Amino acid sequence: MCDLLFCKPLPAIDFEASHRIALAERPDNALHVSAGGRSKRAVGQFSKFWAPGRTLTIGFFNDTPTEHKAAIEKVARQWLRSANLKFDFVDGAFADIRIYTGGDDNHSHVGTDALLVSPMDATMALSTKPDDPLFGRTVLHEFGHVLGLLHEHQHPKANIPWDIPELYAYFAAKGIDRQTVDLNLLDKTDKALAKGTAYDRTSIMHYAVLQEQTVGDWEVGINHTLSRRDRAFARRIYPKVIA
Ligand SMILES: [Zn+2]
């Protein structure tokens, strides 16, 4: 089952374009870290959050049953109880976020990177169906990436005692190579991108971690709901705009 949780946030194709569009959307996507009392730019690092209050149009890239679309919308909207954004689900695929439900995996571009994707392509793959026990978790997780959130198990303070040979072997058996495992599990997010948050093993953005993938007694089950810290982070990143 856990391979179903292996979501790949797709890297931007063009780093410069990704940087440019993130800052055009929201200037404070340029990260500054405090060092020795001076503020300096975190080299090469920027967040990809949308402007608070923004409306994102969301469409479906392929024919998707009405009930399936409604189920995705209902779950995705849970984020909006905390984040000051609007989701406008539209007919057809002419939209900021284009969901493809016809494949066999789940992934999404992160935040403003969606704007760089050709209109001829989807920005999100969401193959898990509403009758799957992982449906709610998967929709919440992928929409977390839409909001610009990264993987929590890669948080700079996540000291997960990975059994790395076991981890590589586990995913190799599923046809997932080491580079992909490094990119999606082992590589740590820059601390500037974590924005001072504490590591949260209950986050929807955390993968399940199996006992056999770690050294000693350490595991994380499948997180199905937004954690308290997920909601707090969404409120902080997308505050209500004060006129
Ligand atoms: Zn993910």
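What covers the buried residues of α3? In this predicted model, the cover includes β3 (55-60), α2 (66-76), β4 (86-89), β5 (97-100), β6 (106-108) and β7 (124-126).

**Helix α3**

- Helix α3 comprises 12 residues, 135-146, and at 1.5 Å a residue it should span 16 Å; the C-alpha atoms at its ends are 17 Å apart, which agrees.
- Most of α3 is covered, with 11 of its 12 residues buried.
- The buried residues of α3 are Phe135, Arg137, Thr138, Val139, Leu140, His141, Glu142, Phe143, Gly144, His145 and Val146.
- After α3 comes Gly148, which has a positive phi, near 100 degrees.

**Nonpolar cores**

- The largest nonpolar core has 34 residues, of which Trp79, Phe87, Ile99 and Phe143 touch the most other members.
- Two or more residues of this core come from each of β3, α2, β4, β5, β7, α3 and α7.
- The element that gives the most to this core is α3, with 5 residues.
- Apart from this core lies another, of 17 residues, which includes Tyr170, Tyr199, Tyr207 and Val220.
- In soluble globular proteins, nonpolar side chains tend to be buried together.
- Leaving out residues up to four places away in sequence, Ile99 touches Ile58, Gly59, Phe60, Phe61, Asn62, Ile72, Met124, Leu126 and Phe143.

**Strands β3 and β4**

- Strands β3 and β4 run parallel and are joined by 4 bridges.
- Thr57 has Asp88 of β4 as its bridge partner.
- The chain passes from β3 through α2 to β4, in a β-α-β crossover that is right-handed.
- In a regular strand, side chains alternate between the two faces of the sheet.

**His206**

- His206 is located in the loop between α6 (191-194) and α7 (228-237).
- Its relative accessible area is 0%, so His206 counts as buried, the cut-off being under 20%.
- Beyond its neighbours within four places in sequence, His206 is in contact with Arg137, Glu152, His153, Ile160, Tyr199, Asp200, Arg201, Val220 and Asn223.
- Among these contacts of His206, Arg137 is a buried residue of α3, while Tyr199 and Val220 belong to the core of 17 residues.

Notes. Residues numbered from 1 in each chain as written. Predicted model: local features only at pLDDT ≥ 70, side-chain atom pairs only at ≥ 80, totals over all residues. Heavy atoms only, no water. Expected span 1.5 Å × (residues − 1). Buried < 20%, exposed > 50% of the residue type's maximum accessible area, 1.4 Å probe, protein only. Contact = heavy atoms within 4.5 Å. Core = buried A, V, L, I, M, F, W, Y, C linked by side-chain atoms within 4.5 Å. Pairing = 2+ DSSP bridges. Right-handed = clockwise from strand over helix to strand, strands pointing away.
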